[in-house]
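Thanks, everyone, for making the time this morning.

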Amino acid sequence: MKITLIKPRIGKREKSEYIEEGRMEPLQLAVLAGMLPEGTGVTFFDDRFENIDYDRETDLVVLTVETFTAKRSYEISREYKKRGIPVVMGGMHPTLLSEEVACHADVICTGDAESIWPALIKDFQHGRLKPVYRGTTGIPQKGILPDRSIFNGKWYLPISLIQFSRGCNSTCRFCATNAYFERKHHVRPDEEVLYEIQTLPHKLVFFVDDNFTANPERAKSFLKKLIPLKIKWVTQISINAANDPELVSLLARSGCLGFVAGLESIQRKNLVSMGKNVNLLEFNKFKPQIERLKDHGLSLWAAFTLGHDHDTITSIEDTISYALHWKFAFAAFNVITPYPNTRLYERLKSENRLLFDGKWWLHPDYRFNHATYIPKHMSPGALTEIGMRARVVYNKPLVVLKRLLNHRTGINALSVLWLLFKYNPVFRKEMYKRHGIILGKEGV
Ligand code: SF4
């Protein structure tokens, strides 16, 4: 049995290809590879930087599909279908929008792959593939070690991806994770995670959890066990974790260098309207939380979403000044994206505010980073423009340099400082390259 695994690209630039340089290993495909029966021939194409050899011999093609890569996934599927090869699609987008995806794949998988992948492979071997495999969400990778050998010979950032947990129990209305996991958070057994860490190829580890500390007590007990391993790591956390001094101390002692946290907005009324209640605890524009993290030498990679109903051009300008003031190691300024089947999407749809016929991910006129709905206090074009301006201002070389050299940025290891110096130009380049990408590769 020969299986081809594919990670699709987002799309292309107006006049050239888009090759993603700041790419990381797609862990989910290594998990699938790790669950295949012995003797399976596995080919892996990372469409983000290499051409797919559609004529390479294979029996089954499997794509992991996100909303941003849906259009490209459908193009890839067409090529394989022409050759009579069955195509399986799974991931976030097929789970949120299975009817659409079913029109482009022979088989769709919803929910976590772990719960259905073995049955699907068995059915395939017996020639009885079903059109739909509905998986559940639950504890990730139970007893499964990802097969990272599929990445051999390909270039990725020197950081190993792993997961401690999956999902999130918070209430944010714009969040696709929230819609996918129905507000549940699932944690792996500590021993399995600790064992997997010992097998990782890189010294720097990224826990790709949706919200690492969604269950603070479980996180604390794991962090205590992580301390002796002396690794350096980063993750994604909601900022309320910084309200808990014990948790912050354990994060720092266990080798955490910093984390991405969705601050989203510095306006309370925006946080209320988006349902991000975790950010409202002890809310003072995150001052106490940021100071506590800085006191522990933890760097914060702050993520803001722009274009909420209470946002104005002035409030977004204030957000940029705020980020510059706090000197976050990184800051992301994302125009809010209404993902299908989220509560935000449904509300904007009911208010007739969605652009691109409500399906921006398939529309030929949509461009990456552009507004996909009509904001309340500015035009879609103005929102797109200020989003880009925020990124440009925050990433000016001199601004970055000052930030990296400021001890309160929270970069507490020379190796990390070196990595940031090395990769900041890459991320800066990516920022310009990604803006305005056309989804899909075949053009409009
Ligand atoms: S805290 Fe983060 S992961 Fe959790 S629901 Fe909100 S945005 Fe999603």
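Let me begin with a right-handed β-α-β unit, which is made by strand β14, helix α12 (residues 313–326) and strand β15. By right-handed I mean that, with the strands pointing away from the viewer, the path from the first strand over the helix to the second runs clockwise, and the helices (H or I, at least four residues) and strands (E, at least two) are DSSP runs, numbered from the N terminus. Please keep in mind that this is a predicted model, in which local features need pLDDT of at least 70 and side-chain atom pairs count only at pLDDT 80 or more, while totals for chains, interfaces and linings use all residues. Residues are numbered from 1 along each chain as its sequence is written, and side-chain values use heavy atoms, with hydrogens and water left out.

Staying with that unit, β14 and β15 (residues 330–335) pair in the parallel sense over 6 bridges, where pairing requires that DSSP finds at least two bridges between the two strands, and Ala-303 stands opposite Ala-332 in β15. Strand β13 (residues 256–264) also runs parallel to β14, joined to it by 6 bridges, with Val-260 opposite Trp-301.

Strand β4 (residues 60–64) pairs with β5 in the parallel sense over 4 bridges, and Val-62 stands opposite Val-88. The chain passes from β4 through helix α2 (residues 70–82) to β5 in a β-α-β crossover that is right-handed. Val-88 has a bridge partner in β6 as well, namely Val-107, and β5 and β6 (residues 107–110) run parallel, joined by 3 bridges.

A helix gives us another picture of burial. In α15 (residues 397–404) the buried residues are Val-400, Arg-403 and Leu-404. Seen down the axis of α15, they fall within an arc of 95°, taken from the directions from the helix axis to the C-beta atoms, so they line one face of the helix. Leu-398 and Lys-402, on the other side of α15, are exposed.

Now the ligand, which is surrounded by Cys-168, Ser-170, Cys-172, Phe-174, Cys-175, Asn-178, Asp-210 and Lys-276, a residue being near if one of its heavy atoms lies within 4 Å. This shell has 4 nonpolar, 2 polar and 2 charged residues, counting Ala, Val, Leu, Ile, Met, Phe, Trp, Tyr, Cys and Pro as nonpolar, Asp, Glu, Lys and Arg as charged, and the others, Gly among them, as polar. Within the shell, Cys-175 is partly exposed, at 22% relative accessibility.

How many disulfides does a search of the whole structure find? The search finds 0, a disulfide being a pair of cysteine sulfur atoms within 2.5 Å. The sulfur of Cys-103, for example, is 16 Å from the closest cysteine sulfur, in Cys-109, which is too far for a bond, and Cys-103 is exposed, at 62% relative accessibility.

Terms used:
Buried < 20%, exposed > 50% of the residue type's maximum accessible area, 1.4 Å probe, protein only.
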